[in-house]
Amino acid sequence: MSDTHAMQRRNLPFKLSAPENDKLAVHVIYALYAANLIFQIPIILAVIIAYLKRGDVQGTYLETHVRWQVRTFWLWLLMTVVGGLTWWVLGLGFLLVGFAYLWLIYRVVKGWLKLSNEEPIVGAGDFF
């Protein structure tokens with residue numbers, strides 16, 4: 001690796017692990033969750049980032065957002081998998097998958113609004 005390349009890497013304008021970028025990372029996670037409504041891959045990247053940021057945001061209001069985001073992913077995944085497996089049973093799976101996507105939209109909007117107001121999510125472990 002050349003010295004010029006190493007120097008460029010040290011002069012990045014931001015560092016994701018820096019505390020001042022924690023709020024930006026949480027915004028990025030919400031954006032990736034919202035992008036999941038069109039593309040399926042972003043939500044996986046979002047939950048990975050959420051797990052990586054858990055330790056960095058501990059003890060701040062952002063901790064509740066990350067907990068909310070992680071729980072959103074796992075419950076959404078459970079509902080879509082169960083819905084996919086029961087798709088053929090009287091349309092119940094179709095209803096469950098539809099509910100899962102509406103629920104995801106609700107969770108993203110609620111969380112993002114609270115984050116924009118710099119408020120914690122009360123009851124981050126709750127279903128709604």
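Begin by selecting Trp88 and Leu85: the side chain of Trp88 reaches the backbone oxygen of Leu85 at 3.0 Å, a polar contact in the sense used here (a pair of N or O atoms within 3.5 Å, where within protein one must be able to donate a hydrogen and the other to accept it, and residues adjacent in sequence count only if both atoms are side-chain atoms). Trp88 is placed in the loop between helix 4 and helix 5, and it counts as exposed at 69% relative accessibility, where exposed means over 50% relative accessible area, buried under 20% and partly exposed in between, with a 1.4 Å probe and protein chains only.

Before going on, note that this is a predicted model, in which local features need pLDDT of at least 70 and side-chain atom pairs count only at pLDDT 80 or more, while totals for chains, interfaces and linings use all residues. Residues are numbered from 1 along each chain as its sequence is written, and side-chain values use heavy atoms, with hydrogens and water left out.

Now switch to a cartoon view of the whole chain. The protein has five helices and zero strands, with helices (H or I, at least four residues) and strands (E, at least two) taken as DSSP runs numbered from the N terminus. Buried residues make up 34% of the 128 residues. Among contacts (heavy atoms within 4.5 Å) between residues at least 6 apart in sequence, 63% join residues at least 24 apart.

Next, select Thr80, which is found in helix 4 and is buried, with a relative accessible area of 15%. A polar atom of its side chain lies 3.0 Å from the backbone oxygen of Leu77. With neighbours within four places in sequence left aside, Thr80 is in contact with Val97, Ala100 and Tyr101.

Not counting residues up to four places away in sequence, Thr64 touches Pro120, Ile121 and Ala124.

Turn now to the aromatic rings. Rings of Phe, Tyr and Trp (its six-membered ring) pair if their centres lie within 6.5 Å, and planes under 30 degrees apart count as stacked, over 60 as edge-to-face and the rest as tilted; by this rule there are six aromatic pairs. Select Trp76 and Tyr101, whose ring centres are 5.7 Å apart with planes at 90 degrees, so the pair is edge-to-face. Because Trp76 lies in helix 4 and Tyr101 in helix 5 (residues 92-116), the pair ties together parts that are 25 residues apart in sequence. Trp76 is buried, with a relative accessible area of 5%, whereas Tyr101 counts as partly exposed at 22% relative accessibility.

Then select Phe99 and Phe127, where the ring centres are 6.3 Å apart and the planes at 10 degrees, so this pair is stacked. Phe99 belongs to helix 5 and Phe127 to the segment after helix 5, 28 residues apart, and the pair thus links distant parts of the chain. Phe99 is partly exposed, with a relative accessible area of 34%, and Phe127 counts as partly exposed at 31% relative accessibility.

For another ring, select Trp68 and Arg107: Arg107 lies over the face of Trp68, at 3.5 Å from the ring centre, where a charge sits over a ring if NZ of Lys or CZ of Arg is within 6 Å of the ring centre and within 35 degrees of the ring normal.

Which residues touch the most other members of the largest nonpolar core? Of its 26 residues, these are Tyr30 and Tyr33, a nonpolar core being a set of buried Ala, Val, Leu, Ile, Met, Phe, Trp, Tyr and Cys residues joined through side-chain atoms within 4.5 Å. The elements giving two or more residues to this core are helix 2 (22-35), helix 3 (42-53), helix 4 and helix 5, and the largest share, eight residues, comes from helix 4. End on Tyr30, whose contacts, leaving aside neighbours within four places in sequence, include Trp68, Arg107 and Ile121.
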